[in-house]
Amino acid sequence: MPNAASLTVLGSFLLHTVGLGILYSMGVYVLPLGETFGIDRRTSSLCVSLVAASMNLSSYYAGRIFDYYYSHEQWKRTRVGLPVFAGGTIVALSLLLLSISESVPVVCLSTILVGAGCALFAIPS
């Protein structure tokens with residue numbers, strides 16, 4: 001049975017590979033997004049840029065959450081992975097929303113949620 005440290009490293013690797021891989025490859029989807037919804041390149045680029053903007057804006061709050069969890073002794077060994085798990089869950093659910101969206105505002109909302117989720121699991125690294 002693997003120990004907790006190796007599972008943490010494996011989970012962090014998977015989250016960073018999937019989550020940040022999606023974040024850094026969003027530019028590939030600018031043209032298909034515009035073709036699918038019949039919008040110009042500027043609007044589809046805005047939807048893609050919202051991922052980075054929301055990650056940058058929510059990183060402050062993610063840092064505060066991790067400061068809280070790491071500063072309280074009772075949380076150090078029990079629930080440190082909770083914000084990382086929450087970030088992975090937010091990314092997974094927002095990608096599910098992105099896959100079924102049929103309008104531009106829903107696409108923009110889901111990309112904002114992807115950025116916020118990425119901020120939660122990118123802070124500990």
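Q: In which helix is the place of T43?
A: First, a heads-up: this is a predicted model, where local features need pLDDT of at least 70, side-chain atom pairs count only at pLDDT 80 or more, and totals for chains, interfaces and linings use all residues. Residues are numbered from 1 along each chain as its sequence is written, and side-chain values use heavy atoms, with hydrogens and water left out. Helices (H or I, at least four residues) and strands (E, at least two) are DSSP runs, numbered from the N terminus. With that numbering, T43 has its place in helix α3.

Q: How many helices does the chain have?
A: Reading along the sequence gives the pattern α-α-α-α-α-α. There are zero strands, and the count of helices is six.

Q: What does T43 count as, at 27% relative accessibility?
A: The classes are buried (under 20% relative accessible area), exposed (over 50%) and partly exposed in between, using a 1.4 Å probe and protein chains only. T43 has 27% relative accessibility, which means that T43 counts as partly exposed.

Q: Which residue has a side chain joined to that of T43 by a polar contact of 2.6 Å?
A: A polar contact is a pair of N or O atoms within 3.5 Å; within protein, one must be able to donate a hydrogen and the other to accept it, and residues adjacent in sequence count only if both atoms are side-chain atoms. T43 has such a contact at 2.6 Å, side chain to side chain, and the partner is D40.

Q: How far apart in space are the C-alpha atoms of T43 and C108?
A: Along the sequence, these two residues are 65 apart. In space, C-alpha to C-alpha, T43 and C108 are separated by 9.9 Å.

Q: What separation do the C-alpha atoms of L46 and C108 have?
A: L46 sits in helix α3, and its 49% relative accessibility makes it partly exposed. L46 and C108 are 62 residues apart along the chain, and their C-alpha atoms are separated by 8.2 Å.

Q: S44: buried or exposed?
A: S44 lies in helix α3, residues 41-71. A polar atom of its side chain is 3.1 Å from the backbone oxygen of R41. Contact means heavy atoms within 4.5 Å, and, not counting residues up to four places away in sequence, S44 touches V30, L33, G34 and I39. Its relative accessibility is 0%, so S44 counts as buried.

Q: Which residues does V48 contact, leaving aside its neighbours within four places in sequence?
A: V48 is in helix α3, and at 14% relative accessibility it counts as buried. V48 and Y24 are 24 residues apart in sequence and 10.0 Å apart in space, C-alpha to C-alpha. Leaving aside those sequence neighbours, V48 is in contact with M26, G27 and V30.

Q: Which residues does L50 touch, not counting those up to four places away in sequence?
A: L50 lies in helix α3 and is partly exposed, because its relative accessibility is 22%. From V114, L50 is 64 residues away in sequence and 9.2 Å away in space, C-alpha to C-alpha. With residues up to four places away left out, L50 touches C108, T111 and I112.

Q: Which residues does S54 touch, not counting those up to four places away in sequence?
A: S54 is another residue of helix α3. At 12% relative accessibility, it counts as buried. Apart from residues up to four places away, S54 touches T111, I112, G115 and A116.

Q: What percentage of the residues in the chain is buried?
A: The chain has 125 residues. Those that count as buried make up 32%.

Q: Which helix supplies the largest share of the lining of the second largest pocket?
A: The lining has 14 residues, with M26, Y29, L33, L98 and V107 nearest the centre of the pocket. Helices α2 (30-37), α5 (82-100) and α6 (104-122) each supply at least two lining residues. The largest share is four residues, and it comes from α2.

How values were computed
On a 1 Å grid over the protein atoms alone, a cavity is a set of points where a 1.4 Å probe fits but cannot get out, and a pocket is an open set with protein on both sides within 12 Å along at least five of seven lines; lining residues have an atom within 4 Å of a point.
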